[in-house]
Amino acid sequence: MKFTAAFVAIAAFAVSQVSANASIVRQYNALGATDQVALHNCLTNYRWDNWDGQDCGGRGWFKGSHKYKSPTDCYDACAGLLVQAINQGASDVECDDNEGSARCWMGFH
């Protein structure tokens, strides 16, 4: 019960952190079953640990940028959208955030 309440609180916070300039540019829900709990845990840890190219929750994660100020800001812009995609059963998803000429991207496949 405590885990569920904590998870709901984290998901609600992440949804509230969506940037107006962030968007899902790719989402596939049919590339195999996903462990949603594991993916949510991976996403939570991904804010502080930039493990581009690492596997977590049975998926390969990525994060990158071009002229973007901070990987943490990228996470803050995209986390809510990625939470929604995970909840929808995404097995391959990418979120991009564009801030002027700067761009970041993150997700998993």
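In this predicted model, the axes of helices α2 and α3 (residues 71–87) come within 10 Å and cross at roughly 180° (axes are lines fitted to C-alpha atoms, for helices over the stretch in contact, with angles from 0 to 180 degrees between N-to-C directions). The two helices are therefore roughly antiparallel, a term for angles over 145 degrees. Their contact (heavy atoms within 4.5 Å) brings Q36, L39, H40, L43, T44 and Y46 of α2 to Y75, A79, L82, V83, I86 and N87 of α3. Eight of these residues are nonpolar, four are polar and none is charged.

Helix α2 (residues 36–46) also lies across strands β2, β3 and β5 (102–108), running at about 30° to β3. These strands belong to an open five-stranded sheet with antiparallel pairing and the order β1-β4-β5-β3-β2, where pairing requires at least two DSSP bridges between strands. Because β1 (22–28) and β2 (55–56) each have a single partner strand, one side of each is left without a neighbour in the sheet. Two bridges join β2 to the antiparallel strand β3 (residues 59–66), and D55 has G60 as its bridge partner in β3.

And what of D97? This residue sits in strand β4 (residues 92–99) and is buried, at 0% relative accessibility (buried means under 20% relative accessible area, with a 1.4 Å probe and protein chains only). A polar atom of the D97 side chain lies 3.3 Å from the backbone nitrogen of A22.

Residues are numbered from 1 along each chain as its sequence is written, and side-chain values use heavy atoms, leaving out hydrogens and water. As the model is predicted, local features need pLDDT of at least 70 and side-chain atom pairs count only at pLDDT 80 or more, whereas totals for chains, interfaces and linings use all residues.

Technical notes: Helices (H or I, at least four residues) and strands (E, at least two) are DSSP runs, numbered from the N terminus. Buried means under 20% relative accessible area, exposed over 50%, partly exposed in between (1.4 Å probe, protein chains only). A polar contact is a pair of N or O atoms within 3.5 Å; within protein, one must be able to donate a hydrogen and the other to accept it, and residues adjacent in sequence count only if both atoms are side-chain atoms. Angles under 35 degrees count as roughly parallel, over 145 as roughly antiparallel, 65 to 115 as roughly perpendicular and the rest as oblique. Ala, Val, Leu, Ile, Met, Phe, Trp, Tyr, Cys and Pro count as nonpolar, Asp, Glu, Lys and Arg as charged, and the others, Gly among them, as polar.
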